[in-house]
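Here is a brief report on one protein fold. Look over the sequence and the model before reading on.

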Amino acid sequence: MGKYLIDQKGMTLYYFTKSDSSVSNCKGQGSEIWPPFHADNIISSKWLDKKEFKTIIGVDGQKQTTYKGHPLITL
């Protein structure tokens, strides 16, 4: 199947291609459908570099985790 990111519940994480590392463009009803993902402690496998994960403040004022500059969302 390939490599993919999951949250602590085993659910796949996604990113919105119109967002960048400084701001998430997912807001309003979009953020209700695709909630922003945030984790203070990233546990990664050997193929992930923990330095690629950062935290930003989304448009709603909440913390959101990014990976390689892309804000992560859940479904």
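## A covered strand

Most of β3 is covered: four of its five residues are buried. Buried means under 20% relative accessible area, exposed means over 50%, and partly exposed lies in between (1.4 Å probe, protein chains only). Strands here are DSSP runs of E with at least two residues, helices are runs of H or I with at least four residues, and both are numbered from the N terminus.

The model is predicted, so local features need pLDDT of at least 70 and side-chain atom pairs count only at pLDDT 80 or more, while totals for chains, interfaces and linings use all residues. Residues are numbered from 1 along each chain as its sequence is written, and side-chain values use heavy atoms, with hydrogens and water left out.

## Overall layout

The protein has one helix and four strands. Read from the N terminus, the elements run β-α-β-β-β. Of its 75 residues, 31% count as buried.

The protein exposes about 5,500 Å². Carbon and sulfur atoms supply 53% of that area. Accessible areas come from the Shrake-Rupley method with a 1.4 Å probe; for residues, only the protein chains shown count as cover. Now take the contacts in the protein with a separation of 6 or more: residues 24 or more positions apart account for 56% of them. Contact means heavy atoms within 4.5 Å.

Two strands pair if DSSP finds at least two bridges between them.

Strand β2 (residues 53-57) and strand β3 (residues 63-67) run antiparallel and are joined by five bridges. K54 has T66 in β3 as its bridge partner. T55 is bridged to T65 in β3. I56 stands opposite Q64 in β3. In a regular strand, side chains alternate between the two faces of the sheet.

On to the next pairing. β3 and strand β4 (residues 70-73) are antiparallel too, over two bridges. T66 stands opposite P71 in β4, and Y67 stands opposite H70 in β4.

## Two hairpins

β2 and β3 form a hairpin with five residues between them. In that turn, G61 has a positive phi of about 85°. The hairpin of β3 and β4 has two residues between the strands. There, K68 takes a positive phi near 50°.

Y4 is found in the segment before β1 (14-15). Is Y4 buried, partly exposed or exposed? Y4 is partly exposed, because its relative accessible area is 47%. Leaving aside neighbours within four places in sequence, Y4 is in contact with T12 and W47.

W47 lies in the loop between α1 (29-33) and β2. W47 is partly exposed as well, with a relative accessible area of 37%. Beyond its neighbours within four places in sequence, W47 is in contact with K3, Y4 and L5. K3 is 44 residues away along the chain, yet the C-alpha atoms of W47 and K3 are separated by 8.8 Å.

## The largest pocket

The largest pocket holds about 320 Å³ of space. Of the 17 residues that line it, the closest to its centre are I6, D7, I42, I43 and S44. On a 1 Å grid over the protein atoms alone, a pocket is an open set of points where a 1.4 Å probe fits, with protein on both sides within 12 Å along at least five of seven lines; lining residues have an atom within 4 Å of a point. Grid points are joined across faces, edges and corners, and the volume is the space filled by probe spheres set on the points.

The lining divides into twelve nonpolar, four polar and one charged residue. Ala, Val, Leu, Ile, Met, Phe, Trp, Tyr, Cys and Pro count as nonpolar, Asp, Glu, Lys and Arg as charged, and the others, Gly among them, as polar.
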